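Please look over the sequence and the structure shown here before reading on. The paragraphs that follow go through selected parts of it, one after another.

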Amino acid sequence: MRIQPREQILSIWESMIDACWDSEEWHWGGQGGSNAISDSEQLLCLLYPATEIEIFALHNPDRIETDVRNVLSRIGGPTRIGGFVVRLLEEYIAKNTDADGQPKFAAGHYLKSADPARSPSDAQRRLEVVDAYSMSLTVCMAGLRFLRDYQGAMWQGRPSEVLAVLSEHLSARLTAAMTGLVRSFVVNPMHPKTPEGQAIIQMLNTRSRTEQTVISGIKSSLERVRARLRSDVVLGQEKAVQELEDWELLFECGWSWGIAEDASHIDWIDAPIASASGIAESRPYLYFTMVALDGINDLVSPRVGELGLLDEKQHRLAQALRTRWELTQSYWSTVARFGGGAWPLEDIPWRTSDGEQSDYYSLIVSAVLIQDLVQRAASDDDLTRAVAIFDELAGRGRIIRRPMKDDPAVALHTPGVRLNLRGTESADDGPALQWEVSDFSAVLLKRMLQAARLSNNVAARDKLMELSKSAMDHLDQRRLRMGAVGLWDDPSGVFVGEADHSETEPSWYMTERLIECLVDAYRTYREPPPNWPELQTVARVMLNTAEHRFDQELLGATIEDSSDNRDALDRVERHIDDARRMIREDAATTFVHTLNALRELQGLVDGRDDASRNV
């Protein structure tokens, strides 16, 4: 199916209003109930498009688009919509703030027990994870932008006590989320002879080279990352960074599932989260690394600096996160493409340092690679090889292929890949906990759309868009058909017989990820079309032909030529001038102008032929 961001986002908003609004009260929660992560995801389904895409803006009643106004009409007229969003932000803050006024980031039902005979304890349900920090960061940034614009539109910049208090709460939550992300970042040094060191070496050795050759290559490729970790990453990770002084050690970096067990305190942040003891194993988790990078990406965008949303301490935290964001992307982008031949990433499935392997891990490393390529000039070779990886993952993930009976690939989607959260067993003497990820198709769609925005290769971009449409087909079949109709997620719509029952409650986890995909699709469509080299070549040939024929016409033109002929020649000249001016920026428009010029020239020839036959 064609991806139509405007129509599809409005369809989701309409379904949200039907499912969550009863004309008096907004109903929070979905599959599994309400918690800090689910509430953030639910709110972002509305707030993210409204603050990222101008046509969905809700802060100014005079500028709300007609179709947006119609979809939200159950809330009230245009003058009530902005106030409604403010109310949701107030409820969100109230629900996720404890009795002492401190932000809560409890993961709730997202935490699963690894022991079927035991359930997570209440204390374990209150554990905070990187997903909650990252989602809250995005909510708070979007919320602060909305309040800034709303105050300007409705209050003409005059102080509003309600908006000031809400902004203060959002800012406090933003500071806490940023602090949690800084303290959840980990550097994991290891000796090459340890099991995890051997796992990394074997994953990166795609050409059967000697172990020492691979180790030397890894150290050389990551030398700059290691140096910057030692010099620039101190806050919260002093001990691990000091170990990198030992040149013999390999390392990996990224985000653990929560605040790391060896994370040091941040003494200049006056909040409990800055000194709370962590229990998460100091080893990067690919999933939480991707989630953290996505959240920080919203923080480091140029818009944030332009709007002046951060205070002095937040600027300091933001700089720390930007450094970690850059180094993590550089690390995983480097190891994904390590060596001079086949990429380790092309050897699906990816294997992590703890011995786990999954197609999902290959997808996450691909996602980090694409995010890194977005930040710098991507080569056509990088993108072409990434297309082949996405194609393979779409097939292995049964996005473009039919699932077989008892197909193990279905587990990528339902129930999803389970990640063991090491350290959770120490919390309240409860069972070891796991985290379930089932967003394979949504992650794949988002990264393919991002890659398509980068590609200047006709075949690669066309393949990416075709794969994206197939992924959207797959996801469209997973919309709920009962209950919260039109929202996600019901895997039984695709994998008939694999799910226990048809879902009726919305999964904000999946619905929010679809919103992210559609926002990325909008950004892709908003970009000017690629100026294909192949089209430029054809356009230049046609333009030269048109200019030559125009010059021929001028040779035969006389002062006595009819005014119609002179007007036609003037139009031809304008078309040629426009075509010549656009050739470097927009070959397609050059092509159109050239065709119009040739059409006018042919009309002059046909006119003379008709005249000569009539003599």
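**A walk through the model**

Asp406 is exposed, with a relative accessible area of 62%; here exposed means over 50% relative accessible area, buried under 20%, and partly exposed in between, with a 1.4 Å probe and protein chains only. The structure is a predicted model, in which local features need pLDDT of at least 70 and side-chain atom pairs count only at pLDDT 80 or more, while totals for chains, interfaces and linings use all residues. Residues are numbered from 1 along each chain as its sequence is written, and side-chain values use heavy atoms, with hydrogens and water left out.

Asp406 belongs to the loop between H16 and S6. Helices (H or I, at least four residues) and strands (E, at least two) are DSSP runs, numbered from the N terminus. Although Asp406 is not a glycine, its phi is positive, about 55 degrees. Arg398 lies in the loop between H16 and S6, and its phi is near 60 degrees, again a positive value in a residue other than glycine. Most residues other than glycine have a negative phi, and most peptide bonds are trans. Is Arg398 buried or exposed? With a relative accessible area of 14%, Arg398 is buried.

Met404 is also found in the loop between H16 and S6. Its relative accessibility is 53%, so Met404 counts as exposed. Val496 is 92 residues from Met404 along the chain, and the C-alpha atoms of the two are separated by 11 Å. Pro415 has its place in the loop between helix H16 (380–396) and strand S6 (417–421). The peptide bond leading from Thr414 to Pro415 is cis, with omega near 5 degrees.

A cis bond also joins Ile348 to Pro349, with omega near 5 degrees. Pro349 sits in the loop between helix H14 (312–336) and strand S4 (350–351). Another loop, between helix H11 (238–243) and strand S3 (250–255), holds Glu245. Glu245 counts as exposed because its relative accessibility is 53%. Between Glu245 and Ala227 there are 9.2 Å in space, C-alpha to C-alpha, and the two are 18 residues apart in sequence.

Next come the helices. The axes of H15 and H16 come within 11 Å and cross at roughly 150 degrees. Axes are lines fitted to C-alpha atoms, for helices over the stretch in contact, and angles run from 0 to 180 degrees between N-to-C directions. The angle therefore makes H15 roughly antiparallel to H16; angles under 35 degrees count as roughly parallel, over 145 as roughly antiparallel, 65 to 115 as roughly perpendicular and the rest as oblique. H15 passes H16 in a left-handed crossing, a term used if the near helix is turned anticlockwise from the far one by less than a right angle, with right-handed used if clockwise.

Where H15 and H16 meet, the H15 residues include Leu363, Ser366 and Ile370, and those of H16 include Ala386, Ile389 and Phe390; contact means heavy atoms within 4.5 Å. The residues of this contact of H15 with H16 divide into eight nonpolar, two polar and three charged. In this count Ala, Val, Leu, Ile, Met, Phe, Trp, Tyr, Cys and Pro are nonpolar, Asp, Glu, Lys and Arg charged, and the others, Gly among them, polar.

How do the axes of H15 and H17 cross? Helix H15 (residues 359–375) and helix H17 (residues 440–454) have axes that come within 10 Å and cross at roughly 30 degrees. H15 is therefore roughly parallel to H17, and the crossing of H15 and H17 is left-handed. Among the residues that meet are Tyr360, Leu363 and Ile370 in H15, and Val443, Leu444 and Arg447 in H17. By class, the contact of H15 with H17 has eleven nonpolar, two polar and two charged residues.

Ser441 is part of helix H17. Its relative accessible area is 0%, so Ser441 is buried. Not counting residues up to four places away in sequence, Ser441 touches Ile399, His413, His474, Leu475, Arg478 and Met510.

The last topic is the nonpolar cores. A nonpolar core is a set of buried Ala, Val, Leu, Ile, Met, Phe, Trp, Tyr and Cys residues joined through side-chain atoms within 4.5 Å. The largest has 181 residues, and those with the most contacts inside it include Tyr360, Phe390 and Trp435. Helix H6 (residues 130–154) gives the most to this core, with 13 residues. Apart from it lies another core, of 13 residues, among them Val572, Ile576, Ala579 and Leu598.
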